[in-house]
Amino acid sequence: MSESSAAVAGAVAERFEELYGSAPDGVWAAPGRVNLIGEHTDYNDGFVMPFALPHTAVAAVSRRDDGVLRLHSADIDGPVVELTVDDLAPGSDKRWTAYPAGVVWALREAGHAVTGADVHLASTVPAGAGLSSSAALEVVIALALNDLYGLGLRGWQLARLSQRAENVYVGAPVGIMDQTASACCEAGHALFLDTRDLSQRQIPFDLAAEGMRLLVVDTRVKHSHSEGEYGKRREGCEKGAALLGVDALRDVPYDDLDAALARLGDEEEVRRLVRHVVTEDHRVERVVSLLESGDTRAIGPLLIEGHTSLRDDFRVSCPELDLVVDTAVTAGALGARMTGGGFGGSAIVLTEEQDVPSITKAIEEAFAAAGLKTPRVFEAVPSAGARRVR
Ligand code: GAF
């Protein structure tokens with residue numbers, strides 16, 4: 001653990017003690033993520049390739065055996081929220097507490113005898129930036145309760161339960177990528193994940209050793225229609241799979257794409273969605289093989305192609321994300337694309353180390369010229385997945 005995360009863990013434990021009157025049983029951390037490639041493929045049983053950020057949700061937790069769940073967050077101004085585990089019900093909570101409470105609900109629904117907890121949380125994952133702050137919150141609670149209740153669940157199982165909490169308890173129809181990234185990523189690696197069976201391969205991804213950097217550019221924009229649009233894309237993909245007679249779009253072979261698109265007749269919108277998903281799965285496989293053969297710089301054009309597909313076919317980009325990508329590429333980046341669900345949030349930029357200052361400056365100037373808020377730019381180093389820190 002780095003000195004700063006040790007300090008965060010210490011501060012979170014101290015605050016826990018002030019709030020609840022005794023030291024926590026332990027402190028856990030779970031990271032946010034960026035996705036290198038493989039966007040909007042996870043709810044199509046396809047491939048994704050996220051890696052964990054150094055930014056984490058940290059939770060100090062003690063077990064309780066009286067059916068009471070107490071929740072507090074350093075990031076939300078408010079008192080301790082007290083709930084009863086027997087009363088937890090999907091859709092009943094519209095506050096931040098729905099994420100941790102949803103995990104308790106999902107564990108109990110799956111038959112695990114979780115009888116309560118005291119929780120204090122603090123997160124360094126930027127909220128609303130498309131970097132999985134919600135998944136980090138869910139996974140850190142799932143891991144803490146797994147340890148405290150001796151449930152023996154593996155990372156992918158914690159991810160599934162966290163996704164269920166978000167799908168059913170919170171009511172957001174997300175895929176499995178973010179929770180699995182938070183639970184299963186390893187430092188120095190990107191996670192090549194098959195979202196159909198959750199089989200995984202850790203792909204070494206050490207850009208610094210090769211003189212490159214990956215920047216995250218948080219546009220600090222979140223378009224309000226994002227949630228409804230996500231659900232619509234998902235429904236469109238399911239319609240495409242049904243029209244093509246496959247379980248999921250992952251089952252449409254890349255080599256048969258033209259024939260599949262022709263079979264969609266006048267379903268123009270579905271055709272665009274299908275084309276994105278099938279080509280994106282193919283891009284993930286090409287990125288994996290380039291990385292495994294040591295040809296890291298060659299992934300740049302695939303990132304740009306992925307962005308174009310998300311912008312024109314899947315239509316989940318926005319002017320601010322396009323501005324980051326266009327400006328970075330014009331300023332000499334190796335590649336760039338939006339990352340995460342879209343409609344705002346963050347983009348990633350792959351660049352030679354020496355070009356970081358000029359590319360950052362070009363993006364900041366472009367935002368200023370467009371009258372936009374200065375974006376937040378930081379380097380993303382592939383970091384550890386969820387773990388106990390104290
Ligand atoms: C969001 C969702 F939570 C993920 O499951 C995934 O679908 C992503 O958007 C798009 O790739 O982060």
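These are my notebook entries on a few places I looked up in this predicted model.

**Ground rules**

I number residues from 1 along each chain as its sequence is written. As this is a predicted model, local features need pLDDT of at least 70 and side-chain atom pairs count only at pLDDT 80 or more, while totals for chains, interfaces and linings use all residues.

**Entry: D178**

I started with the UniProt record, an unreviewed entry, whose "active site" annotation covers D178. I keep in mind that UniProt positions are given in the numbering used here, that feature names are shortened, and that annotations may be inferred rather than shown by experiment.

I found D178 in helix α5, residues 177-184.

Is D178 buried or exposed? I noted it as buried, because it has 30 C-beta neighbours inside 10 Å. My scale calls a residue buried if 20 or more other C-beta atoms lie within 10 Å of its own, exposed if 12 or fewer, and partly exposed in between, with C-beta atoms placed from the backbone.

Leaving out residues up to four places away in sequence, D178 touches R33, S132 and A135. Contact here means that the two C-beta atoms, placed from the backbone, lie within 7 Å.

**Entry: around the ligand**

Which residues surround the ligand? I listed E39, H40, D42, Y43, V174, G175, M177, D178, G340 and G341. To be listed, a residue needs its C-beta atom, placed from the backbone, within 6 Å of the molecule. I sorted this shell by class into three nonpolar, four polar and three charged residues. In that sorting, Ala, Val, Leu, Ile, Met, Phe, Trp, Tyr, Cys and Pro count as nonpolar, Asp, Glu, Lys and Arg as charged, and the others, Gly among them, as polar.

A181 counts as buried because it has 31 C-beta neighbours inside 10 Å. Not counting residues up to four places away in sequence, A181 touches R33, P50, A52, S132 and L191.

The unreviewed UniProt entry annotates residues 99-184 as "domain: GHMP kinase N-terminal". I read that stretch as 59% helix and 8% strand, with its end C-alpha atoms 19 Å apart.

**Entry: the sheet beside α5**

I traced an open sheet of three strands in the order β2-β7-β8, with antiparallel pairing. Its edge strands are β2 (47-48) and β8 (200-204), each pairing on one side only. Helix α5 packs on this sheet and touches β2, β7 and β8, its direction making about 135 degrees with that of β7. For that angle, axes are lines fitted to C-alpha atoms, for helices over the stretch in contact, and angles run from 0 to 180 degrees between N-to-C directions.

Strand β7 (residues 189-194) runs antiparallel to β8 and is joined to it by five bridges. Strands pair if DSSP finds at least two bridges between them. L191, one of the contacts of A181, has Q202 in β8 as its bridge partner.

**Entry: strand β9**

I then followed β9 (residues 212-222), which pairs with β11 (residues 344-352) in the antiparallel sense over eight bridges. V216 stands opposite I348 in β11. Four bridges join β9 to β12 (residues 376-379), also antiparallel, and D218 stands opposite R376 in β12.

**Entry: K361**

My last stop was K361 in helix α11, residues 356-369. K361 is exposed because it has 12 other C-beta atoms within 10 Å.

Conventions:
Helices (H or I, at least four residues) and strands (E, at least two) are DSSP runs, numbered from the N terminus.
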